[in-house]
Amino acid sequence: MSKLTMTRRTFAKMAAATAAALGVGGTGQALAETTDEATAAAGQVRKIRSTCRGCGKMECGVWVYVQDGKVIRSEGDEKAFQSMGNHCSKGQASLQAAYHPDRLHYPMKRTNPKGESDPGWVRISWDEAMDTIGQKYGELQDKYGYETYFSMAGTSRIWSMGPYSALKQCFVSPNAIQANEICKGPRFYATKLNDYNAFSWMEVVGRPKVYVQWGGASELSNYDDSCRTTVDVATRAEKHIIVDPRLTNLGKEADIWLPLRPGTDAAMALGWINIIIDKGLIDDLYVRKWMNAPMLVVEDKDWTPTESNSTHTHGTTKNHLLKQSDIQEGGSNTAFMVVNEMTDELTYYEANGSTSASSVTSATTADLSGGSSGAESQLPHWEGENWTAATAGKEANQPGLDLTGQTQGFVIDPTPFIDGLYPALFTPSGGREVTLKDGTTVHCRTVWEHLIDRVKDYTPDKVAEITGCNADDIVEAAVTYATRVDPDSGYGNGGIQYMLPLEHSCNSLQTNRCMDIICGITGNMDIPGGMRGSTAGWPFFDLAMTLPSAKSVKGDYDWSKIIGGEKFPMLADLKCSPSWADATSVYETIDTGKPYKLACGLGQSGDHMNQSNSLYAFEQLAKLDFWVSIDLWETPTVSMADIVLPCAHWMELDCIRKSQGASGSFGATVKCIDPPAEAEPDLKIVMRLFKAMGQPYSDDPDDPWPIDQAEEVAGNISLAGFRIPKWDDFKEEFQKNGAFDSKVEKPEAWGTYRRYETGWATTSDSPAMLQKTMDHPQGWDTTTGKQEIWSTVIDSYYPNDDQAIPTFREAPHGPVADPDRFTEDNDFLATTGRRIPVYFHNEHRQLPWCRELWPAPRIEMNPADADKIGVTQGEWVWIETEWGKIREIVDLYYGINQGVVNLEHQWWFPELDQADKGFKLCGANCLIDKDAQDPFIGSSNLRAYAVKVYKATAENSPFGNPCPCGDDGTEIIHDASDERLKAWTPDYEGRV
Amino acid sequence: MTQYSIVTDINKCVGCLACSVACKALNGVPIGNFWNKTLRIGPNPKKEGGQFPDVDMYFLTVQCQHCENPECVKVCPTGASHKTDDGTVQIDKSKCIGCQFCVMSCPYGVRYLNEEERVVEKCTLCEQRVTQGELPACVTQCGGFARFFGDLDKGIETFVGPYNKTLGELTGEGCDYPIKPYTKDEVHHLVDVGNTPSFRYIMRKHTWQGEE
């Protein structure tokens, strides 16, 4: 059996080589230049099919209308099955960003010291900017080492994902503050530990029959799924369940609403598991065959966990599971013991035998060679099993797919165990004594029994007490989800769309693991409308867009030095790292110089306001010797830059786009207009950085920095292995027929459900050209080869902490863990982060069509609470914690519980003529405790913390004005009639 | 007779505001003015003295209702505001003197004075599109797939929305239908003070606030 040891870099190189053979490097022109522009009569409108980027992620198909070389409008593309013709307010307002008078047009350098109200920006040439950048970083890295550099990443504009991947190689430093530490990363990571990276993605477009939104509102964010899809799915579903502390815009229609106390999601989830098991609603075959439920846990306290040298992504772990090597000389340490219910004998599942594909979040230099167990002569298997991929099944039968033109896909039938085998979920009479190879005896119980131990305390009444929900409603919700509406279909009702809030109350990893387990025990993994992972398509991995094909000439970066690794050891282990440096630790390192000096960095559409304490973060950025920002605007973070580089808007660039989620579509963002002045697509800027740092980007020795063809080169690399391998042809086909359907284009990797039965669940997002030759082992990409209720990785790192099975932990500054902060009438439990339809996190405050609809930040408060503290609708209030204070406007909202308030996040004020753009005035993350974090992976405490709220008055407000003002006393825009909004209408001049 | 109109399935409206921006993008409405707005109605306790979470909320899209018997047309001294053959109410800007009697007479507050042009403006039901057989922007761009356009005299089930589907075709019980059945009592209109608004709102399960 050949062993797959390909690294991410090897792939990039190979893909580039293949692309070269296919003719990369031609002089293809952007579509806008090649089609009918030359012949278009004045006034004629051209319609260009593209993929929006008005929000951070969702790949809504759109039409962009161009007249006389200007974008005049954009509309939804109904042919785009992933988004149904949706084009949200943000997306439609996007052209106001492209033509905004405040866009950055040229590279600039600062001439005034950091912290001054005016950075004194002076225009410089690209050459001067890049020369200075190369020189400055070079000097600082010579002095302090490569790791003195860190990047800062924003979110999911795939052409600007350098900090997640390419820039680590470019600067030979593992350090990057990544937005995914608090957004989606914990979900990806939880599933990476449990089964496979990113199986937190639910195939919402598959029209689940019971639709569960847990802490999300994609109808407003259009993030993960479009509004139109979300509403369509909720309307069609037999039942719509929502778990959310406040009444949401779509939640008003839900059949069951569980309005839980912020931060108690894990208690609710453990309660659901308890109910589902108690009512006998588990998918028994899946639980026994594809989860590590029947595996035996050694319970003896003095027993030292033994190693498993796994060939799966996580590599070697030390765990409490009983292995063949524990009981038999020469036994495999990846053969996990279970009791055969039919014989009462011990038997095993051998999890090794083939290397799985890389888990992509840390794939930049992921070495997949893994450990070795000497058991690789066979694919993973149960004792006595000669496994082959399952083939029997039938076409899915999901409703509503005809309207959008989706295909159904093929559902593999569940395969039974081999004759004579049925692993037991329970040991008789509470345990089984097993004699080890040294003659000693240990006491074992199954993982399943341990799960039951964990959840049995979470009775409906107990969960009701913790969460504040009604016990009967909790039972009804769990039973409704787990009871199959259509048992004849042979699969479950669908997945759970679990979202952002689960990552924000310092239990991010374990809460998300709970969610994954609910979906597992109910048989909703990789079924129609279920949890499916990232779309398999082209490119195989969206963050790969900025990756170079050349190797570093300065050697590899040292992952073990990643900042935050001391506090959160899993971060420093490349094999099981979530891939980020911990944000708070980075800021503290700047502050203290320990464990080493962080002197410089670069932000690519990233900001300091999305995690950790914004005030503390901003102070630290000021201390850096050198900071560079790549952005569209002068944001608060950009104000700390020594050099700022102007990037292009989505209407100004070419880029392949694949659904990061599970919609199964891929297409393109297509250039419609030129960028203004000297702004450039991020991809070009990344190549310029490689050049400045003396690192080759392309492995073509004659052209290591193909900057002028950057988008086309990247497009061709991304398409390696596709039936249309050239970017220009791909775009042409996309113009004609719209988004591609991965179910059709990749029938094995995406068009088939229950891929853990075929070996494709963990290999489907591997490079297409490799897929034919690589091993496709059954099951999941974990040490045990099963969906891990018992996490071998967490067990390995925290052997004495009882964390291998997920737990609930109260938020550190919530009313239970920190009751002293809840003693006065004006002490509230704050949640935040709900989506404002016209904004994407900190974006779009300067777009008139957005700002006029939502001029100022609001705090939702129950009218009874407002009465109690003497405030009313439309009044400014102070919101204060030990760590900061901000102001927002009261919005009386009966849809939120008494004692809870909902803050808006990430506000800053582009209208203010000062460097920090007023982010301190209203930004919710100014309030948080930077040291309150998830104990495993560092995610910040962005929700579920105590705040004091009181009326803002002339007496207690700067400038005697309750309305927040800039440093010179100018009020922020807080009304649609503000004349300043009109100054932000499109500027069609200044474009080269 | 023809009476063009829009029907909105309130249960599918989630206040996403895509209709508002769509209108802006197509019609060049000045910043700070709106041809359509989405109002959040509630949340209110379901019953007197009720408490969270027993609350009710919906979103109401409001724009010119293209009334059968419009007050604005009656009060217009120059004939600028007028009913057309397709039943829509339009403003002939060349005749408008900016007196704003119509702004005051409209029961829904959907007209405003364009400060630059000194004439009154409001929703035209995307006249420039509709006359070419296309749908209004607030219908095609509706995030919730909640809006349908058509001739009220032919019945709302004939109204057309995205994918060129009629409300009638899409309505039914079960997962195969994205519009749920509704009764006559569940079809509402904004308050009628003799003007007979033509727009319709389908709303199930929530309590319609205000008069009709």
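**Helix packing, sheets and cores**

Modeller: Helix 7 of chain A and helix 17 of chain A are oblique to each other, a word for angles that are not under 35 degrees (roughly parallel), over 145 (roughly antiparallel) or 65 to 115 (roughly perpendicular). Helices (H or I, at least four residues) and strands (E, at least two) are DSSP runs numbered from the N terminus. This is a predicted model, in which local features need pLDDT of at least 70, side-chain atom pairs count only at pLDDT 80 or more, and totals for chains, interfaces and linings use all residues; side-chain values use heavy atoms, without hydrogens and water. Residues are numbered from 1 along each chain as its sequence is written, with chains lettered from A and ligands numbered from 1 in the order written.

Colleague: At what angle do the axes of helix 7 and helix 17 of chain A cross?

Modeller: Two packed helices are described by the angle and the distance between their axes. Here the axes of helix 7 (residues 185–194) and helix 17 (residues 508–521) of chain A cross at roughly 60° and come within 8 Å. Contact (heavy atoms within 4.5 Å) involves, among others, Tyr189(A) and Leu193(A) of helix 7 and Leu509(A) and Ile517(A) of helix 17 of chain A.

Colleague: In which sense do strand 2 and strand 3 of chain A pair?

Modeller: Strands of a sheet pair through backbone hydrogen bonds, either parallel or antiparallel. Strand 2 (residues 61–67) and strand 3 of chain A are antiparallel, with 6 bridges; pairing requires at least two DSSP bridges. Val64(A) has Ser74(A) in strand 3 of chain A as its bridge partner. The two strands form a hairpin with 2 residues between them, and Asp68(A) in the turn has a positive phi of about 50°. In strand 3 (residues 70–76) of chain A, 5 of 7 residues are buried, meaning under 20% relative accessible area, where over 50% is exposed and in between is partly exposed (1.4 Å probe, protein chains only).

Colleague: Is Ala424(A) buried or exposed?

Modeller: Ala424(A) counts as buried because its relative accessibility is 5%. Ala424(A) lies in the loop between strand 18 (410–412) and strand 19 (432–435) of chain A. Its C-alpha atom is 7.5 Å from that of Arg288(A), 136 residues apart along the chain.

Colleague: Which residues touch the most other members of the largest nonpolar core?

Modeller: In soluble globular proteins, nonpolar side chains tend to be buried together. In the largest core, of 172 residues, Tyr137(A), Leu645(A) and Phe730(A) touch the most other members; a core joins buried Ala, Val, Leu, Ile, Met, Phe, Trp, Tyr and Cys residues through side-chain atoms within 4.5 Å. A second, separate core of 85 residues includes Ile276(A) and Val463(A).

Methods:
Axes are lines fitted to C-alpha atoms, for helices over the stretch in contact, and angles run from 0 to 180 degrees between N-to-C directions.
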